[in-house]
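Hi everyone, thanks for coming. Let me put the structure up.

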Amino acid sequence: MPSPSRVTGVPDLPGWDATWRLARDGYVFGQRGFRDVGADAFRTRLLARPVVVARGAEAAHVFGEPDAFERRGAIPRSVVHLLQDEGSVQQLEGPRHGERKVLMLELAQGERAGLVEAFRDAWPEVVAEHGHGAVPAAEVAARALTRAALEWTGIRVDRGRETELSGELTEMIARAGSVGPLNWKARLRRRRTEAWARDVVRERRAAGDHETIAGRLAHHTEGGRPLDEDVAAVEMLNLLRPTVAVARFVAFAAHALHRHPDWASQTRGGDAAATRWTADEVRRFYPFFPMVGGIATEPFELHCEWFEEGQWMMLDLYGTDHSPELWERPDVFNPGRFATASPHAVVAQGVGEHLASHRCPGELATVDLLVETLQQLTQGPAYTVPEQDLRISLRRIPAEPEDGMILQFA
């Protein structure tokens, strides 16, 4: 590595600490900051802690380098417990992360066709169970995705427990961006879900199940020893919860089809390329995770400035997916851009290569599920969109349409 030379390239955001700005601005915190400093990166403090916030191709490349940043200490404990937890693949580094990531990619990517098939069956079932009433798209999707994920992993529960589990997994996602009593309640509820997952691990080990996905995870060994029971339970949830999180993209997909009937007609007509492009554009255009953080494990260069090991950096995912450097007219919903653009450039679920980085192992499954969602919404059970508030506030994390993207099934 060349000897670091300090060339000023990352300006300071006005003000000593930007915590209040983040709370106020939500997803557009970074974009407003980049506008204020006239650059794609800035220094500030969050909770009195120095941080570099950046977006764009260079920042994504720097952040996505293997082992360049570690995740421990990079995001609040309240978020970690609901979305990852200690000992999970996203909290590991180095060889341990690589070994666990192989397993999670094998299950989440290699076996994703079974998940999509299970969702294809579950969607019309759940729609029929709701009857002919009006229901938020994310609610139907969460139930269908929970059912699909359980079928896919080989976990059997009754319908009552399925409903409870759908609510538990949904609350983990919905409350990750909150603080105080709402977050505490969700974390307490997660403890009960973890206890259920530990029971599943024990049952699969006792039954000698090496065939189902749940069984393979329960019997996975590292260093010649089975995973700790608590860790195996956490990773079980790390297969189920991200699957249910796709329900937010499902609501956004319904929103996009309603707002852009030209692309809906192409999907309805069976245009496979247009359907795939629409799935990719939903992931790029709509707000999912706002930012991801890391602690530098070695010095790094960003915008002609060197930063030391231990520097906290936040990569603005939403800002990168709306960066004019990367996307023509980024604030316009246009699936046709993917006729030439690479879907790998979409960073809604992280950056870097899937195996070498902390990029979400379920990303390809998400895209496939969204393709199936678009087909279900245009070719499956008929519905209408009643009058409602379709605005999406970018100040709320996680974001969703104001009235929940309500669908009226026929």
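Let's begin with Arg-161. Keep in mind that this is a predicted model. Arg-161 makes a salt bridge with Glu-168, and their closest N and O atoms sit 3.0 Å apart. Is Arg-161 buried or exposed? Arg-161 has a relative accessible area of 16%, and the cut-off for buried is under 20%, so Arg-161 counts as buried. Glu-168 is buried too, at 10%.

Now please find Glu-363 and Arg-283. Their side chains meet in a salt bridge, at 2.5 Å from N to O.

While we're on pairing, here is a group with shared partners. Glu-125, Glu-129, Arg-143, Arg-147, Arg-159 and Glu-162 are joined into one network by their salt bridges.

My last pair is Arg-216 with Glu-111, a salt bridge whose closest N and O atoms are 3.2 Å apart. Which parts of the chain does this pair link? Arg-216 lies in helix 10 (213–218), while Glu-111 is in the loop between helix 5 (94–108) and helix 6 (112–130), and the two are 105 residues apart. As for accessibility, Arg-216 is partly exposed at 22%, and Glu-111 is partly exposed at 30%.

And the overall tally? Thanks, and I'm happy to take questions!

Note on methods. Residues numbered from 1 in each chain as written. Predicted model: local features only at pLDDT ≥ 70, side-chain atom pairs only at ≥ 80, totals over all residues. Heavy atoms only, no water. Salt bridge = Lys/Arg side-chain N within 4 Å of Asp/Glu carboxyl O. Helix = DSSP H or I, 4+ residues; strand = E, 2+ residues; numbered from the N terminus. Buried < 20%, exposed > 50% of the residue type's maximum accessible area, 1.4 Å probe, protein only.
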